[in-house]
Amino acid sequence: MEISIYKETGQLFYALAEYIQKSAEKAMARRNQFNFVLAGGNSPKKLYKLLASEDFRNKINWDKTFFFFGDERFVPENHSQRNSKMAKENLLNPLKIPRSRIYEVDTSGTPEEAAGQYMKTISGHFRNKPVRFDCILLGLGKDAHTASLFPGSPVLEETEATVRPVFLKGKIPRITMTFPLISQARQIVFLVFGREKADAVLHVLENNTETSGTAFPARLISGDKNVKWFLDREAASKL
Ligand code: 6PG
């Protein structure tokens with residue numbers, strides 16, 4: 001695990017965009033494609049805009065990049081709460097990425113069907129070999145959830161590298177990649193900024209064997225050697 005802390009969020013986004021560029025270059029040199037898992041939430045918006053801007057649009061071979069979603073809300077396509085909608089508006093549409101290279105969650109059936117189908121689609125892309133994404137981008141919630149892996153949820157105990165539905169009391173169901181699937185990735189990057197995330201960052205990264213991963217889910221992968229944390233000074237202020 002590696003942690004980088006930036007004074008300004010502008011620097012943070014730029015450094016992360018460069019990291020993604022390098023990850024893409026490495027993947028393309030070795031396997032001739034870049035399999036990139038996008039995060040939802042608000043945090044990545046400016047990163048996506050930056051990747052689609054003049055500064056980066058010609059630095060990454062987007063024609064060989066395939067896009068996936070680490071989690072999705074179980075709402076119809078183009079619903080305002082879809083992670084894919086935010087990603088399309090800020091990254092995929094500006095870069096004119098064809099639908100054939102955007103692997104979206106199909107929410108036309110039940111959440112269980114959506115999860116099963118998404119995993120099937122992913123496995124198909126990887127030709128039924130073990131699924132190893134090149135780069136997974138993740139955010140962190142104030143409660144230390146990541147993707148849709150929330151504190152106390154039974155999905156935290158899932159041992160299969162797959163996609164599962166998540167049912168949250170009083171909320172829209174979600175579809176999420178499980179920790180075993182996320183952990184298999186070549187690189188996992190967390191993007192976290194802002195003072196309101198400082199406690200979560202502390203609980204996830206603190207060196208205390210009594211801090212539970214069930215209470216602070218991102219802790220379950222936080223220390224893996226393929227994980228890199230991009231934090232701003234405020235998010236890192238309690239470390
Ligand atoms: C989602 C996410 C989720 C997110 C965190 C942080 O779909 O909402 O994938 O895990 O990354 O909740 O969200 P913010 O970036 O909005 O703070």
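## Residues around the ligand

The shell around the ligand divides into two nonpolar, nine polar and four charged residues. This is a predicted model. In total, 15 residues surround the ligand, and the closest are Asn42, Ser43, His145, Ala147 and Lys197.

## Polar contacts and cover

At Ser43, an N or O atom in the side chain is 2.4 Å from a ligand oxygen. At Arg73, an N or O atom in the side chain is 2.9 Å from an oxygen atom of the ligand. Gly40 takes part through its backbone, where a polar atom is 3.4 Å from an oxygen atom of the ligand. On its own the ligand has 410 Å² of accessible area, and the protein covers 87% of it.

## The largest pocket

The ligand takes up the space of the largest pocket. This pocket holds about 500 Å³ of space. Its lining consists of 29 residues, with Gly40, Gly41, Asn42, Arg73 and Asn83 lying nearest the centre.

The elements that give two or more residues to the lining of the largest pocket are β4 (71-73), α4 (83-92) and β5 (135-138). The largest share, four residues, comes from α4. By class, the lining of the largest pocket has nine nonpolar, 13 polar and seven charged residues.

## The second largest pocket

About 240 Å³ of space lies in the second largest pocket. Its lining is made up of Arg31, Gln33, Asn35, His125, Phe126, Arg127, Lys129, Pro130, Arg132, Asp134 and Arg186. Sorted by class, these lining residues are two nonpolar, three polar and six charged.

Key:
Residues are numbered from 1 along each chain as its sequence is written. This is a predicted model: local features need pLDDT of at least 70, side-chain atom pairs count only at pLDDT 80 or more; totals for chains, interfaces and linings use all residues. Side-chain values use heavy atoms; hydrogens and water are left out. A residue is near a molecule or strand if one of its heavy atoms lies within 4 Å of it. A polar contact is a pair of N or O atoms within 3.5 Å; within protein, one must be able to donate a hydrogen and the other to accept it, and residues adjacent in sequence count only if both atoms are side-chain atoms. Accessible areas come from the Shrake-Rupley method with a 1.4 Å probe; for residues, only the protein chains shown count as cover. On a 1 Å grid over the protein atoms alone, a cavity is a set of points where a 1.4 Å probe fits but cannot get out, and a pocket is an open set with protein on both sides within 12 Å along at least five of seven lines; lining residues have an atom within 4 Å of a point. A molecule sits in a cavity or pocket if more than half of its atoms lie within 2 Å of its grid points. Ala, Val, Leu, Ile, Met, Phe, Trp, Tyr, Cys and Pro count as nonpolar, Asp, Glu, Lys and Arg as charged, and the others, Gly among them, as polar. Grid points are joined across faces, edges and corners, and a volume is the space filled by probe spheres set on the points.
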